[in-house]
Amino acid sequence: MEKIKVGIIGTGFIGPTHIEAIRRLGFVEVAGLAETSQEMAEKKAAELGIPKAFGDYREMLRDSEIQVVHNCTPNHLHFAINKEIILAGKHVVSEKPLAMNSDESAELLELAEKLGVIHAVNFNYRQHASVQNLKAKITEGDLGKVNLVHGSYLQDWLLYETDYNWRLAPEVGGKSRAVADIGSHWCDTVQFVTGKKIVEVFADLATVVPVRKKPTGNVATFGAQTAEDMKYEDVPINTEDYASVLVRFEDGSRGVFTVSQVSAGRKNRLSFEINGSQASVFWNQEEPEKLWIGHRDKANEVLLADPALFLPEARSAIHHPGGHNEGWPDALKNMMFNFYTFVRDGKSLKTDKPNFATFADGHLSMCITDAILESNQQQKWVKVLKHGDGSLASKGPAGPFTAQL
Ligand code: SOE
């Protein structure tokens, strides 16, 4: 059988992780990549062993061999490039956030549905084997009624005033930083496991480091700075390093989460606790094989990920026997596997239920972010509205992308 042919736009931090996950599938081939210049594209294609290099992503969109395109560019380019991918009739996997605001994400969702392409947004944390198993457990009623959901997503890669990255500039990263970048993952994961949508928020945001020292060169996400980068200019920062958000779910249940990119020692700690009427659970992305299960009338348990102990619905998400721990790259591989089997099997989002986050989830995430920003500004509860009239009126194409992911 012919392999599905894929093109990747952007090869900073996240693009190569997509490429690696795709290559583990076996039935999908990364046929091309696009970068900011022909020279850069050829250099990256040689490094990553990809046959076709494009200095202009639009040329790649015109290549009839390419069936699916991954948008791994910086945030400010997501909307326009996603739109062009859809208009080129290709299936699309986009990095989050889908766009710069929920009007734009509404437009993308409507366009993708109209043109019938398969659309996915890379909310990868829901693809961890233990998270898939937890969803099945909650659906079976193991926790009873879910009453409370709380947790945090903490990182430390922006702790120092000398830490700088394109995500800090609102015109590139967007008007929300910590909420859009990592709060979006927390919300997606807990909405996925509980099966309940967040409908109202009350937020408090803060910029802990108000002025940063920007190196004169580009710094990739999680990238260490070298001696050559040591020339700085002072820049004022007006996106949040920190947020705490009270949330209400559609059935009236409550929750709260904190996000921070300035918490020393916390590298990529997405964690949540769910308290149900019969039992509780706690999960932490940095130790993804463990699910703590809390009881009132008997000893608490830790369920170590093990196919023999998982519910049948979650077994396809775990690939090794218990104790052979799986982690972040494996969750990303599950995301790609679920997307590409959907494409390979000729399924349609109109009739089949996907096991990956679609542009509908990406749009919901944008609506939550918009509501959080409004709540912080107005210091009151704000409803998560699916706003955006979805008008397909054209916004101009993206132009060349210049920042590094
Ligand atoms: C940076 O905060 C980042 O790379 C996010 O952009 C990713 O979505 C998250 O998975 C890890 O951290």
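A: Let's begin with Cys 367, which is buried, with a relative accessible area of 0%; buried means under 20%, exposed over 50% and partly exposed in between, using a 1.4 Å probe and protein chains only. This is a predicted model, where local features need pLDDT of at least 70 and side-chain atom pairs pLDDT 80 or more, while totals for chains, interfaces and linings use all residues. Residues are numbered from 1 along each chain as its sequence is written, and side-chain values use heavy atoms, leaving out hydrogens and water.

Cys 187 is buried too, with a relative accessible area of 4%. A search of the whole structure finds 0 disulfides, a disulfide being a pair of cysteine sulfur atoms within 2.5 Å. Cys 187 is in no disulfide, and its nearest cysteine sulfur, that of Cys 367, is 12 Å away.

Now to the ligand. It is surrounded by 14 residues, the closest being Lys 96, Tyr 125, Gln 155, Asp 181 and His 185; a residue counts if one of its heavy atoms lies within 4 Å. Helix 8 (residues 178-194) gives the largest share of this shell, 3 residues. An oxygen atom of the ligand is 2.7 Å from an N or O atom in the side chain of Lys 96. For Tyr 125, the distance from a ligand oxygen to a side-chain N or O atom is 2.5 Å.

Key. Polar contact = N/O pair within 3.5 Å; in protein donor to acceptor, adjacent residues only side chain to side chain. Helix = DSSP H or I, 4+ residues; strand = E, 2+ residues; numbered from the N terminus.
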